[in-house]
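Let's take a friendly walk through a protein fold, one piece at a time. Have the picture ready as you read.

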Amino acid sequence: MLTIIGSSTGPEPPFPLRMEGKVIHGYGRGSKELSIPTANLPIDSNLTPWIADITSGVYFGWASLRFPSSSTLSDDTTTTSHLGFSLYPMVMSIMSNKFYQNTERSAEVHVLHEFKEDFYGAEMRVLLTGFIREERGDYADQEELIADIKLDCDVARKSLDRETWAL
């Protein structure tokens with residue numbers, strides 16, 4: 001697999017794609033089983049009509065979060081902040097997660113930053129700038145799945161670390 005995705009000139013059509021919503025509870029596997037926490041967004045094809053037709057797989061780009069005022073996360077000074085939103089690189093899976101035999105698609109964002117606590121209810125906006133790979137369901141075991149997710153994170157970091165991919 002390539003370790004850098006996308007043109008050296010920046011995102012190309014159909015990107016960027018936008019999605020937003022309040023972070024909701026998912027299946028609870030990201031943090032607990034995989035040690036790779038995810039922020040789940042509700043899928044609403046009225047707000048994001050492109051989501052019905054997009055290829056099931058892993059994407060990368062940027063996530064901006066506005067934390068509830070009661071959160072200690074809002075004091076995080078390691079990121080750029082604008083209008084109360086803090087910006088982070090991210091990878092996002094839009095898929096049914098065949099490894100777990102799910103039947104419905106979910107939108108799960110893994111923000112490439114460590115947080116002190118969960119942030120359910122936070123406002124999240126994502127900007128998908130590129131596609132890493134299609135969904136796989138043929139993993140031999142959970143360790144193989146985790147290795148693929150970690151590779152996706154490395155690809156996203158390296159791809160976004162180019163000047164033409166910065167926001």
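## A helix with a buried side

In helix 2, the buried residues are L145, I146, D148, I149, D152, C153, V155, A156, S159 and L160. Here, buried means under 20% relative accessible area, while exposed means over 50% and partly exposed lies in between, using a 1.4 Å probe and protein chains only. Helices (H or I, at least four residues) and strands (E, at least two) are DSSP runs, numbered from the N terminus.

This is a predicted model, where local features need pLDDT of at least 70 and side-chain atom pairs count only at pLDDT 80 or more, while totals for chains, interfaces and linings use all residues. Residues are numbered from 1 along each chain as its sequence is written, and side-chain values use heavy atoms, leaving out hydrogens and water.

## What the helix packs against

The buried residues of helix 2 pack against strand 3, strand 5, strand 6 (106–111) and strand 7, where contact means heavy atoms within 4.5 Å. Helix 2 covers residues 142–160, which is 19 residues. From first C-alpha to last it reaches 27 Å, close to the 27 Å expected at 1.5 Å a residue; the expected span is 1.5 Å times one less than the number of residues.

## Strands side by side

Now for the strands, which pair if DSSP finds at least two bridges between them. Strand 3 (residues 57–66) and strand 7 run antiparallel and are joined by 10 bridges. Along this pairing, A63 stands opposite V126, and L65 stands opposite M124.

Strand 3 also pairs with strand 5 (residues 85–95) in the antiparallel sense, over 9 bridges; V58 has S93 as its bridge partner there. Why is strand 3 largely enclosed by the rest of the structure? Because 9 of its 10 residues are buried. Strand 7 (residues 123–134) pairs with strand 1 (residues 17–22) too, antiparallel over 6 bridges, with V126 as the bridge partner of M19.

## The nonpolar core

A nonpolar core is a set of buried Ala, Val, Leu, Ile, Met, Phe, Trp, Tyr and Cys residues joined through side-chain atoms within 4.5 Å. The largest one has 25 residues, and L65, M92, V109, M124, V126 and L128 touch the most other members. Strand 5 gives the largest share of this core, 4 residues.

Leaving aside residues up to four places away in sequence, V109 touches P37, T38, A39, L41, A63, M90, V91, M92, M124 and V126. Another core, of 19 residues, lies apart from the largest one and includes V91, I132, I146 and I149.
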